[in-house]
Amino acid sequence: MEQAVIACVDDSANDRAVVRWAEQEASLRGLPLREVHGAVPYAAKLVVAGVQRLDTAAFSACPVVLVPPQPDLRQAVHPVAEIVLGLNAREPAAGAVDFACETARLWDVRLRAVHAWQLPPCAAELPFGVPEEDRGAWEDQEVQLLADALRPWREKCPELHVLADVRLFTPAQALLQGSASAGLVVVGRGLRGGPGTVAPLLLRDARCPVAVVS
């Protein structure tokens, strides 16, 4: 794997935002920056591209940050509040969690781990709606699942402030709501459909870049 940050440019209006974001990450990570036109390298330390290169996220072996045309580059002006990580607590994507933790540490910000959940199918069969005590019990189970999933990373990075956030929404809705003060949203390629479903919905409405990681 090439130890460099790759900025993918294609003579579009989004190139400036892509290069600016890549420059910041290269500086923080102490890595060289390389601009690439045309074909995207299969592997690098980090690839930064515009949202029109969403297909890059599906095939690259390394983390890919997709930058919207007018990103909110608040980390360049004042510190962002947090980085948001989309996490399936039942099948946590280790690569995505590692990248989110590493980036939060480099940025010196909080990491918000967002776990989306849905009511079980039996809830739809209840004639008078879901009793509050049942909903609370189901949510408590999800909270415990997320706590268990995050425990190895809390032990690995005790200095990192990790906020566990369980939301009764679809993954895309939960991440959009949780990203209001974020400088970056991180999702795994396998998060409920990966870049084919979650990332496009995020990029449509989020002002901050979205990282897609194996």
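User: What makes the largest nonpolar core a core, and which residues in it touch the most other members?

Analyst: A nonpolar core is a set of buried Ala, Val, Leu, Ile, Met, Phe, Trp, Tyr and Cys residues joined through side-chain atoms within 4.5 Å. The largest such set has 43 residues, and Val 48, Val 65, Leu 85, Leu 111, Leu 184 and Val 186 touch the most other members. H3 contributes the most to this core, with 7 residues. A second, separate core has 26 residues, including Cys 8, Val 64, Leu 66 and Val 187. The model is predicted: local features need pLDDT of at least 70, side-chain atom pairs count only at pLDDT 80 or more, and totals for chains, interfaces and linings use all residues. Side-chain values use heavy atoms, with hydrogens and water left out, and residues are numbered from 1 along each chain as its sequence is written.

User: What does Val 65 touch?

Analyst: Contact means heavy atoms within 4.5 Å. Leaving out residues up to four places away in sequence, Val 65 touches Trp 21, Leu 46, Val 47, Val 48, Ala 49, Phe 99, Leu 184, Pro 209, Val 210 and Ala 211.

User: How do you know that the span of helix H1 agrees with its number of residues?

Analyst: Helices (H or I, at least four residues) and strands (E, at least two) are DSSP runs, numbered from the N terminus. The expected span of a helix is 1.5 Å times one less than its number of residues. H1 has 15 residues (15–29), so it should span 21 Å; its end C-alpha atoms are 21 Å apart, which agrees. Just after H1, Gly 30 takes a positive phi of about 65°.

User: What covers the buried residues of H1?

Analyst: The cover includes strands S1 (2–9), S2 (33–37), S3 (44–50), S4 (64–67) and S8 (182–188), and helix H3 (94–107).

User: What makes S2 and S7 edge strands?

Analyst: Two strands pair if DSSP finds at least two bridges between them. The open sheet has 9 strands in the order S2-S1-S3-S4-S9-S8-S5-S6-S7, with mixed pairing. S2 and S7 (162–167) each pair on one side only, and are its edge strands. S1 and S3 pair in the parallel sense over 4 bridges, and Ile 6 has Val 47 in S3 as its bridge partner.

User: How do you know that S5 is mostly covered?

Analyst: In S5, 5 of its 5 residues are buried. Glu 82, Val 84 and Gly 86 are on one side, Ile 83 and Leu 85 on the other, and both faces are covered. S5 and S6 pair in the parallel sense over 5 bridges.

User: What is the pLDDT over residues 74–78?

Analyst: pLDDT is the predictor's confidence in each residue, from 0 to 100. Over residues 74–78 it stays under 50, and the model has 12 contacts for them beyond four places in sequence. The mean for the protein is 84, and 85% of its residues reach 70 or more.

Key. Buried < 20%, exposed > 50% of the residue type's maximum accessible area, 1.4 Å probe, protein only.
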